[in-house]
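Try each task yourself before you read its solution.

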Amino acid sequence: MAVSYNGLWKLLIDKNMKKVDLMNRIEISSSTMAKMTKEELVSLKVLEKICAELDCDFGDIIHYEKNSVKDGGQ
């Protein structure tokens, strides 16, 4: 299983924000941001904070990628 946070990165660009800006606004750690950068899972609570800050929905920031190369793609 793999997730993509490309929607989040695009939203940050559209809102002229950097990752560190988002981290500071929603008070998440750099390790949590690193997990997202590496396309690893984070808690729904973190995603909820992001959605509240950016006025968006989960589907706007995260995408499930079935048959991903990362998981062997069967």
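Some ground rules come before you start. This is a predicted model, so local features need pLDDT of at least 70 and side-chain atom pairs count only at pLDDT 80 or more, while totals for chains, interfaces and linings use all residues. Residues are numbered from 1 along each chain as its sequence is written, and side-chain values use heavy atoms, with hydrogens and water left out.

**Exercise 1. Find the buried residues of helix 1 and say where they sit around the axis.**

Step 1: Helices here are DSSP runs (H or I, at least four residues), numbered from the N terminus. Helix 1 covers residues 6–14.

Step 2: Pick out the buried residues (buried is under 20% relative accessible area, exposed over 50%, partly exposed in between, with a 1.4 Å probe and protein chains only).

Step 3: What do the buried residues pack against? Their partners are helix 2, helix 3 (30–37), helix 4 and helix 5 (58–61), where contact means heavy atoms within 4.5 Å.

**Exercise 2. Describe how helix 2 and helix 4 pack.**

Step 1: The angle is about 100° and the axes are 10 Å apart. Axes are lines fitted to C-alpha atoms over the stretch in contact, and angles run from 0 to 180 degrees between N-to-C directions.

Step 2: The two helices are therefore roughly perpendicular, a label for angles of 65 to 115 degrees.

Step 3: List who meets whom: L22, R25 and I26 in helix 2 touch K49, I50, E53 and L54 in helix 4.

**Exercise 3. Track down the salt bridges.**

Step 1: Look for a side-chain nitrogen of Lys or Arg within 4 Å of a carboxyl oxygen of Asp or Glu.

Step 2: One joins E53 and R25 (3.3 Å, N to O). E53 lies in helix 4 (residues 44–54) and R25 in helix 2 (residues 19–26), so this pair ties together parts 28 residues apart in sequence. E53 is partly exposed at 32% relative accessibility, and R25 is exposed at 51%.

Step 3: K45 and E48 also meet in a salt bridge (3.3 Å, N to O). Both lie in helix 4, 3 residues apart, about one turn of the helix.

How values were computed: Arc of directions from axis to C-beta. Parallel < 35°, antiparallel > 145°, perpendicular 65-115°, else oblique.
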